[in-house]
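Here's a quick tour of the fold, strand by strand and loop by loop. Have the model open while you read.

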Amino acid sequence: MPDIRHRARQTLLLNFAEYFPPPLGGEEVIMETEDKPKEAEQVAEEAEKCDTDSTSSPVAGDAKTQDSRISNGDDADSDREMVDLKIIWNKNKYDLKIPVDNTGAQLKERIHSLTGLPPSMQKVMYKGLLTEDKTLREIKITNGAKIMVVGSTINDVLAVNTPKEVIQQEVKAEEDKKEPLCSQKQHRKVLDKGKPDDIMASVKGTKERLPTVPLSGMFNKSGGKVRLTFKLEQDQLWIGTKERTEKVPMGSIKNVVSEPIEEQDGYYMMAFQLGPTEASQYWVYWVPAQFVDAIKDTVLGKWQYF
């Protein structure tokens, strides 16, 4: 490179001297140097061509830098163990691929992106109600598992003529005006029979998830034995007596009322409102205290006001 440029520079200088000579040689000198500019132009063009080639040809380092900027955007999960799930909600099925070490809460976020159903309004079930703080691996969710989702979008809730929260607020206002439920005559005739011998033990001051077996040994309003079975996969509450079993869709239950039984620490009386008025309340007595909140969460959903 330096040699070519040096030759071009010297040639140009020589041509300049020959084009503008001292006023002695006159016409002969001009005739002898007439072809020299063409040679200088060729040398200059070769120098410019070399400069252009040297700047346009990439070096190995530049090529590597350029290649390193190319990415398909999937590197984050490429090395993580994935699991394929079948999400079932509102009679629709969705295929979802998710890292097996994601938590239940992260799964709810992915379900939200698929269905538009906010995580706080989801009841996600896989062999029971899904635990948000455990990973899918810990819950033992396997490839091809079916995940049941129950819940309504915000628009669906707003479209309901009589929202559950309005009914609950009205019921609570009425309860504040009344005497304690356990003191009312209609309930005293059941409570005065005493605590059933086969009732489940209560744990005062704690909150537990629903057991995997039915809640049994309790009384209904007529004084007969009743058991509650929560069929989460079908979104149903089964109310069983000696005579029959009523299969009630949880979405049809308008409200759940509960009150501790006086002088019986650790046990509650509870009513499920199956219709639009209090006349449709189904009463259950001697419900262990540790399951009261879990029953309300399961039937009404955590997003409800109660």
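## Strands 3 and 4

Strand 3 and strand 4 (residues 145–150) run antiparallel and are joined by three bridges. Look at V124 for one of the contact points: its bridge partner in strand 4 is V149. Two strands count as paired here if DSSP finds at least two bridges between them. The elements themselves are DSSP runs, numbered from the N terminus: helices are H or I with at least four residues, strands are E with at least two.

A word on the ground rules: this is a predicted model, where local features need pLDDT of at least 70 and side-chain atom pairs count only at pLDDT 80 or more, while totals for chains, interfaces and linings use all residues. Residues are numbered from 1 along each chain as its sequence is written, and side-chain values use heavy atoms, leaving out hydrogens and water.

Apart from its neighbours within four places in sequence, Y94 is in contact (heavy atoms within 4.5 Å) with L85, K86, I87, W89, L114 and T115. Y94 and I111 are 17 residues apart in sequence, with 9.0 Å between their C-alpha atoms.

## Two hairpins in a row

Further along, strand 5 (residues 215–220) and strand 6 (residues 225–231) pair antiparallel over three bridges, and F219 stands opposite K225. Four residues sit between the strands of this hairpin, and G223 takes a positive phi near 90 degrees.

Strand 6 also pairs with strand 7 (residues 236–240), again antiparallel, over five bridges. Here R227 stands opposite G240. The hairpin of strand 6 and strand 7 has four residues between the strands, with D235 at a positive phi near 55 degrees.

## Positive phi in two loops

Two other non-glycine residues deserve a look. K140 has a positive phi of about 70 degrees and is placed in the loop between helix 7 (136–139) and strand 4. K140 is exposed, at 60% relative accessible area. The cut-offs are under 20% for buried, over 50% for exposed and partly exposed in between, with a 1.4 Å probe and protein chains only.

E263 has a positive phi near 65 degrees, in the loop between strand 9 (255–260) and strand 10 (267–273). E263 is exposed too, with a relative accessible area of 79%.

## The largest pocket

The largest pocket holds about 980 Å³ of space. Its lining has 36 residues, and G128, L129, R209, L210 and L232 lie nearest the centre. Strand 3, strand 6 and helix 11 (292–300) are the elements that give two or more residues to this lining.

A pocket is an open set of points on a 1 Å grid over the protein atoms alone, where a 1.4 Å probe fits, with protein on both sides within 12 Å along at least five of seven lines; lining residues have an atom within 4 Å of a point.

Technical notes:
Points joined across faces, edges and corners; volume = space filled by probe spheres on them.
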